[in-house]
Amino acid sequence: MRIGPYTLKNRLIVAPMAGVTDRPFRMLCKRLGAGMAVSEMITSNKALWTTAKTLRRANHDGEVEPISVQIAGADPAQMAAAARLNVEQGAQIIDINMGCPAKKVCNVAAGSALLRDEALVGRILEAVVQAVDVPVTLKTRTGWSREHKTALRVARLAEDCGIAALALHGRTREDMYHGAAEYDTIRAVKQAISIPLIANGDIDSPQRARQVLDYTGADAIMIGRAAQGRPWIFREIQHYLETGETLPAPTVAEIRQLLLEHLDELYGFYGEYSGCRIARKHIAWYTRGLRGSNEFRQAMYRLEDTAGQRAAVADYFDRLAGASERLEYVEAMGGADLALAG
């Protein structure tokens, strides 16, 4: 899998997720097998470039290459300027967000809202590609609604504008994250373009990854929500793709160590106050479905300092380890049905 001059170590990419794919999470996923991780989106609004949040999102210190940064906005000139700024700050790949379905993004005509204006899509793509000398990628959806699917036209437009790779989520903006992702559109787009195509949506297991790659013909897959609290999914998928065999589940002791290391990185990155609060959602993801996890989470949410939070996590996993060497899920983990035709 190549994006411009960069050859990824495999076909597994971490999807950009606002409030999730910060530097600690990206580095952890890369360590556990991801070939690339895309940053959470950075606004093209110049008024926000110097805020603490934006500066933190643009921090790539110590990150494994290639460094891919996603930008979001609806004005071609602002998007071009944002691309240049992020390249100056270390971005080696610029990714354009035309897939986010969140209201606060779409309400300012950015993200997947852009799919209603294909002429503007073209102007943004051209402006960003011409503004920087690094590869530019695009993440988008199958369309604005099921009645207005634009993926094929946008994909061809992206290729004509010089986009280096396209990531396509198998849902429309209208679908948000409801229902099952469909892969027929991704398959059709792959057959229509020559640039690399990355399939995204509901890839939550090694078996699903293999099925999606085989069915769509995609060059790579992008994994988002399935990696929340389960960053080792990347090594599980890679092992399955290479061998056809399933890795044993990680031990309680290993997950305990991974989570504590993740927490330490979050505390160091965000500081005491924000670190404690941001860590809560990650702890919740790591522990969902586990024995006694609901009671643990309710108590953990009330903790106001990082030392107490870390100690509570360590104690919880010590108690799990006393009951079993490997994790035992007692609650349904969910998972959408695979929507493949044929």
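This is a predicted model: local features need pLDDT of at least 70, side-chain atom pairs count only at pLDDT 80 or more; totals for chains, interfaces and linings use all residues.
Local features were taken at pLDDT of at least 70 and side-chain atom pairs at pLDDT 80 or more, whereas totals for chains, interfaces and linings use all residues. Residues are numbered from 1 along each chain as its sequence is written, and side-chain values use heavy atoms, with hydrogens and water left out.

The protein holds 13 helices and 13 strands, these being DSSP runs numbered from the N terminus (helices H or I, at least four residues; strands E, at least two). Its radius of gyration, taken over C-alpha atoms, is 20 Å, close to the 20 Å that the globule rule (2.2 Å times the number of residues to the power 0.38) gives for 342 residues, so the protein is as compact as a globular protein of that length. Buried residues (under 20% relative accessible area, with a 1.4 Å probe and protein chains only) account for 56% of the 342 residues.

Helix α3 (residues 76-88) and helix α5 (residues 118-131) have axes, fitted to C-alpha atoms over the stretch in contact, that come within 8 Å and cross at roughly 30 degrees. That makes α3 roughly parallel to α5, a term for angles under 35 degrees. In this pair, P76, M79, A80, A83 and R84 of α3 are in contact (heavy atoms within 4.5 Å) with L120, R123, I124, A127, V128 and A131 of α5.

Helix α6 (residues 151-161) packs against helix α7 (residues 184-192) at an angle of about 35 degrees, the axes lying 10 Å apart. Residues A151, L152, A155, R156 and E159 of α6 make this contact with T185, A188, V189 and A192 of α7.

Key: Axes are lines fitted to C-alpha atoms, for helices over the stretch in contact, and angles run from 0 to 180 degrees between N-to-C directions. Angles under 35 degrees count as roughly parallel, over 145 as roughly antiparallel, 65 to 115 as roughly perpendicular and the rest as oblique. Buried means under 20% relative accessible area, exposed over 50%, partly exposed in between (1.4 Å probe, protein chains only).
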